Amino acid sequence: MAKYNHKSIEKKWRKYWDKEKIYQTKEDKSKPKYYVLDMFPYPSGAGLHVGHPKGYIATDAIARMKMMQGYNVLHPMGWDAFGLPAENYAIANKMHPAEATKNNIKTFKKQLELLGFTYDWYREVNTTDPKYYKWTQWAFLQMFKRGLAYESYEPINWCPKCQTGLANEDLEDGKCERCGSEIERKPMRQWVLKITDYADRLLNDLDKLDKWPAPIKEMQRNWIGRSEGALIRFPVIARSEATKQSYGNEDIASSSPTARSRNDNLEVFTTRPDTLFGATYMVIAPENSLIENCKLEIENLEEVNEYVERSKKKSDLERTDLAKEKTGVELKGVKVVNPANGEELPIFVADYVLTGYGTGAIMAVPAHDERDFEFSKKYGIPIREVVAPLIVNEKGEDAFKKDAPIIERDAVVCVVKHWSEDKYLGIRWLKNDWQGFVIGGIEAGEDTSVAGIREITEETGYKNVEYIKPLGSIVHSKFFQALKKQNRFAHFVPLLFKLKDGEMDNIAEEEKNLHEVMWLSPEEVGKFANREDMRIIWKRVFENECYAENGVSINSDFLNELSTVEAKEKMIQWLEEKKIGQRKVQYKLRDWVFSRQRYWGEPIPLVHCEKCGVVPVPEKDLPLELPKVKHYEPTGTGESSLANIEKWVNTKCPVCGGPAKRETNTMPQWAGSCWYYLRYIDPNNDKALVDKEREKYWSPVDFYVGGAEHATRHLIYARFWHKFLFDIGAVNYDEPFTRLQNVGLILAEDGRKMSKRWGNVINPDAVVEDFGADAMRVYEVFMGPFDQPCAWSTQGLVGAKRFLEKVWALKEKALQNAILTPTQSGERSPRAQILGDSSITPQNDNEKITTLLHQTIKKVTDDIENMRFNTAISQLMILVNEMTKEDQLLLTPYSLLLKLLSPFAPHIAEEIWAELGNKESIFLSDWPAYDAELAKDAEIILAVQVNGKLRDILTVSADISEEEAKQTALASEKIQKWLEGNQPKKIIYVKGKLISIVV
């Protein structure tokens, strides 16, 4: 038999597939469609390494199976070729980006073709092709005409190395995602897309995507960051000498707020308007315009400006790092008035507040916000509690039962300190698992401290108790009192006591049976208290406690005794009635900065006319192509290099015909990737972005595979872009991708990410040369769970090659049985009939192989559908090993094995399929179907335990009854030895798996 030669086989079949157009997608609407898509690559100069094709191999396996199952499959590929990386590579290699991109694509395409993918190259797209980006420009113009694209001059993220503006999504840990440089906040003219207009739909429609990974949806929810609250206006007032001079003789020091008013307000967005009475100071971002507006009134302006300058040098990540010490400077001479109570509040500038969320200002409520709490302690600012904790027990035997009656109770919680040691008194309830402090009811008219002393004496016997102080506000707690079978709504008054000495009285027997009393160190108390309400009270012993959760309003005038939800609603109504605030929904998501001050990107099809303003390029004049230039290096001035190309920039206004200038910013790399999946459907259409009838048939994408790193960039951008196209009637569906799957990284053999920096990159070309494309394909999906990272192993690749060699060796055994003499009766066994091979005779029919084969058909089919490729390959290996053991191998089982293997190793499967005498490609044959009855095992393995330990393993009939299984186990000599003549107390049978005998 000829040796398996992967080089000649793979070259032969790649040529055949291309010549016969096996993978060219047909527009056959009589068949069900299946659109499987890879996130198309950016073609870098480095080419592919072995980690890149993992996702492509997976989609290829799915595409091949779906083809054989009768689907009309669309599996395309193209190039995301605009953007900073391509331009930077070209600059470094002293080439034009167009030339560099063309060469890189050629390299990538050659590498992909080596792996034998089912890509329909007749539908190839390239985002740098003017015929393609004509429609990117067209979509932008539709947004511009509808007010979704606007010009902005706000500070943006500026990368000093890449010399361009970046969107928030282009940052990683507060730095440029491409080069790792610290970004700067720089005011600049740029174009912005109002993605925030779609924020609610982007958020709410995540619920439709039931075939997306939950972590990806959660990342998008967090990135969009919807918050409901209120916008509150705080009047700004001033007291400084500079203000007196500025405003003449006006008595700004009078007590009248009106006299001191600057007639402007500091606007603040807050999700907790219920805490307005607890605001004790304000904080503004260093970029807030209030500083400039009040520069005459700020007495320490130089100090403030110095702080602002220092803040500009910090990344957003540094500024918001929870672990760093909070810093700030008070704006002396300027205050605001709290509209709820008329209090004058100081204003601080602090870098932990950003302009990118809310209004760039916060009302600081230190009793109920960790950052504000830390800041107020540092600067000695008052802390006012306005929310009393409300704890609802939701787990365990004391979980609050919503449908049961509620008994309200006022009670004290007494933290008692030892008279001479640094220890505190702990109480353990003996009839349940409560651990905490002395608790007891407050009698009518009883002072809380008196109630506490009484309860301490009754429960512990200690006589000489001294009251020290209250421990903050009431702690409300809802729980189920299991002993009395009642829901309790307790209002705990926390108090601190100290014993004068250890003198004690005897306590009642009833109390002894209820509690265990012990003395604990502070560290021990922290572990001992096992209820949230008790833990909150314990923390108050040493310092003011910041409580940031929901609760009950206190010290808040008309909000007192309302729950947080009720208080929020009432406060918003009050603000709106007084016309000093309103209900507001805020997003963390920012509008999309859609400008790059670089050459290599789609030109923005707009013209600036002094007379007409900004006007769109007429659609008939699209595409607006990039000018062909020799020099395109970034200017670093905030303008694109296009601004220097006067012949291209200077034009006529499409409206008035007068002199005008073209927009010189270009679109970001993400522009072309927002909609590329639609162009695959109709790649040569010069009349529309996509034909609606074709799009209706092929959309949405059935299965999309790519990296999780695109969760909050490409996937949000593409969903936004698609929803806009849906709104204007360009597409038929409002979500682009039905099912999404992430790819786990393939790490280098040293366990690190493959990188030229580490010198651990493995080139797939060399792997294909030495081991073959099929071996690489099989190995990459066999390495481990598809969505998990795993390290490359050359030894594992060797194993994959040996597996394929085993499949190759089985060919000779199968061919020996290709022509068999029928039996005298000409009859075939039922199993042979189902396999569908007329030459199979009863004496040749191997029931063990047939059963395993049908089990394998089922498992491989299910595993490909569910992306469990590693277990599919494992099952195929088991089948091949069993076939190898057989003296004879029938042609039909072997043929079915080839079909199951073909999605993973298409070249070898195609070669053997042809050698078996088949005239058409294996991928034009039908995918195997399994028979549920034949997939059942004839025999099963039963584990037998005695007192929990494995003592025997039995092979029994698959249809054995429970009684027969038990009797067989008891009859085993090994089991009899462990029974030692004793009768079992119990025998537990787990059908098909286990018999557990208890002696």
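Let me start with helix 1, residues 6-20: it has 15 residues and reaches 21 Å from its first C-alpha to its last, close to the 21 Å expected at 1.5 Å a residue. That expected span is 1.5 Å times one less than the number of residues. Helices here are DSSP runs of H or I, at least four residues, numbered from the N terminus.

A word on the source: this is a predicted model, where local features need pLDDT of at least 70, side-chain atom pairs count only at pLDDT 80 or more, and totals for chains, interfaces and linings use all residues. Residues are numbered from 1 along each chain as its sequence is written, and side-chain values use heavy atoms, with hydrogens and water left out.

Back to helix 1. His6, Ile9, Glu10, Trp13 and Trp17 are buried, meaning under 20% relative accessible area with a 1.4 Å probe, protein chains only. Seen down the helix axis, the buried residues fall within an arc of 90°, taken from the directions from the axis to the C-beta atoms, so they line one face of helix 1. On the other side, Lys11, Lys15, Asp18 and Lys19 are exposed, that is, over 50%. The cover over the buried residues includes helix 2 (53-68) and helix 26 (794-816).

At the start of helix 1, a side-chain oxygen of Asn5 comes to within 3.1 Å of the backbone nitrogen of Lys7. Just after the helix, Lys21 has a positive phi of about 55°.

Now helix 5. Of its 16 residues, 13 are buried. Asp129 caps its N-terminal end, with a side-chain oxygen 3.0 Å from the backbone nitrogen of Lys131. Gly147 follows helix 5, with a positive phi near 80°.

Technical notes: Helices (H or I, at least four residues) and strands (E, at least two) are DSSP runs, numbered from the N terminus. Contact means heavy atoms within 4.5 Å. A polar contact is a pair of N or O atoms within 3.5 Å; within protein, one must be able to donate a hydrogen and the other to accept it, and residues adjacent in sequence count only if both atoms are side-chain atoms.
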